[in-house]
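Here are my notes, as promised, on the model you passed along. Have it open beside you while you read.

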Amino acid sequence: MSDTITKEQIFKPENIVYKKTDLMTDNVLSYCPGCGHGTTHRILMEVIDEMGLQSETIGIAPVGCSVLAYDFMNVDMQQAAHGRAPALATAIKRLLPNKTVFSYQGDGDLAAIGTAETIHACNRGENFTTIFINNGIYGMTGGQMAPTTLEGMKSSTSPYGREWHAMGHPLKMTELVARLPGTYYVTRQAVHTPAAVRKAKKAIRKAIELQQQKVGMTFVEVVSNCNSGWKMTPVNANKWMVENMFPFYPLGDIKVDGKLVKEV
Amino acid sequence: MAKVKGDIIVDIEKCKGCEVCIDACPTHTIEMSEKVNGKGYHFMQNVHDACTGCTNCAIVCPDGVITVYRIKV
Ligand SMILES: Cc1ncc(C[n+]2csc(CCOP(=O)(O)OP(=O)(O)O)c2C)c(N)n1
Ligand code: SF4
Ligand code: SF4
Ligand code: SF4
């Protein structure tokens, strides 16, 4: 066989080893270049696709940059008032217990205005999956400080850096919900490298599989960049995230099979 | 030993030029173009012939604009 392979020989449908899942629509994502929202949407939809659950899934979009998630995810979706996604997800899952239900929320949505809904849904052990995008900031509204903003981190409302005497401490929402008896699987992931994306996808798959066993809340945090809000290029934002976000928000499982696997 | 040969197709008009894929490529096959697409973004392009079809670039692309092909040689 000749060594030279032509493009025509390679570009055949049977040789495709990766393409965007059909469960992502063809709409151009409204996210900034390099934002982790897009990657997280895609791996979530890949999991739903691979598990054959497209017609059995109902997702909840939040308020925040991902408010339009229903334009991008090709499954049934509802959109909740700011922070209320866990309440809406609770209602949907209780009314339609055999559907796969997820809420998809940013840190301003989940850890600020929606703190009560998050904590109570987790504590009640509601049987849906929470996908929590933590970029340490309110992305959509212009990069204001969020509860998750790191100490010393600059934002549009903490231009000299977050200082805890005046602005309080950063909140580790995921560690907090891991301590509640209603959560069964709690993990923190990222999507900035191929290896991280593969791991995050496995974690989401595990969460959805566990949901089918009706074990209670499954909770996947994704530490992500908000390169626009952080005022960095996407590549530099990911680097900054590794150096600054990961030490405070370390990746890995926090609770597995209903038991803490990490000190929180 | 069986070798593999890969190649990619980039949906240039949907690429946002974020460059997240560039470092993810173990064979340094891809680069950003000098040219821009209709939205004004420099798009990613395949410049060398070293692709193994590992899918790394496609997996990490936030906008899902890369399709990867692979054949055994
Ligand atoms: C009740 C209410 N209060 C405030 C707002 C304004 N608002 C829109 S998005 C947002 C914060 C979103 O931040 P986050 O959840 O971190 O998501 P991101 O945009 O970073 O993905 C706020 C405060 C609103 N839409 N509704
Ligand atoms: S503002 Fe931040 S979170 Fe929103 S799309 Fe842009 S990078 Fe992503
Ligand atoms: S598939 Fe792998 S080798 Fe080919 S361009 Fe993408 S990252 Fe590089
Ligand atoms: S990761 Fe995707 S959108 Fe970003 S430069 Fe590469 S191909 Fe373009």
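1. Ground rules. This is a predicted model, so local features need pLDDT of at least 70 and side-chain atom pairs count only at pLDDT 80 or more, while totals for chains, interfaces and linings use all residues. Residues are numbered from 1 along each chain as its sequence is written, chains are lettered from A and ligands numbered from 1 in the order in which they are written, and side-chain values use heavy atoms, with hydrogens and water left out.

2. Helix 2 of chain A. Helices and strands here are DSSP runs (H or I, at least four residues, for a helix; E, at least two, for a strand), numbered from the N terminus. Helix 2 covers residues 36-50, and its 15 residues reach 21 Å from first C-alpha to last, close to the expected 21 Å; the expected span is 1.5 Å times one less than the number of residues. The helix is mostly covered, with 13 of its 15 residues buried (buried is under 20% relative accessible area, exposed over 50%, partly exposed in between, using a 1.4 Å probe and protein chains only). After the helix comes A:Gly52, with a positive phi near 65°.

3. A:Arg42 and A:Glu46 form a salt bridge, their closest N and O atoms 3.7 Å apart (the rule: a side-chain nitrogen of Lys or Arg within 4 Å of a carboxyl oxygen of Asp or Glu). Both residues lie in helix 2 of chain A, four residues apart, about one turn. An α-helix has 3.6 residues a turn, so residues three or four places apart point the same way. Note the burial, too: A:Glu46 has a relative accessible area of 7%, and A:Arg42 is buried at 2%.

4. The link to helix 9. A:Glu46 also meets A:Lys201 in a salt bridge, 3.0 Å from N to O. A:Lys201 belongs to helix 9 (residues 194-212) of chain A and A:Glu46 to helix 2, so this pair ties together parts 155 residues apart in sequence. Both partners are buried. Through shared partners, salt bridges join A:Arg42, A:Glu46, A:Glu50 and A:Lys201 into one network.

5. Helix 9 itself. Just after the helix, A:Lys214 takes a positive phi of about 55°.

6. One more salt bridge. How many are there over all chains? The count comes to 15. Another of them joins A:Glu56 and A:Lys99, at 3.6 Å from N to O. That pair links distant parts of the chain, 43 residues apart: A:Glu56 is in the loop between helix 2 and strand 2 (57-61) of chain A, and A:Lys99 is in the loop between helix 4 (85-95) and strand 4 (100-106) of chain A. A:Glu56 is partly exposed at 32%, and A:Lys99 is partly exposed at 22%.

7. Aromatic pairs. A:Phe11 and B:Tyr69 have ring centres 4.9 Å apart and planes at 75°, so they are edge-to-face. This pair crosses between chains, from the loop between helix 1 (7-10) and strand 1 (16-18) of chain A to strand 4 (residues 66-72) of chain B. A:Phe11 is partly exposed at 27%, whereas B:Tyr69 is buried at 10%.

8. Around A:Phe248. A:Phe248 and A:Tyr249 are also edge-to-face, 4.9 Å centre to centre with 85° between the planes. A:Phe248 is partly exposed at 25%, and A:Tyr249 is buried at 1%. The charged end of A:Lys172 sits over the ring of A:Phe248, 4.2 Å from its centre (the test being NZ of Lys or CZ of Arg within 6 Å of the ring centre and within 35 degrees of the ring normal).

Key: Phe/Tyr/Trp six-rings, centres within 6.5 Å; stacked < 30°, edge-to-face > 60°.
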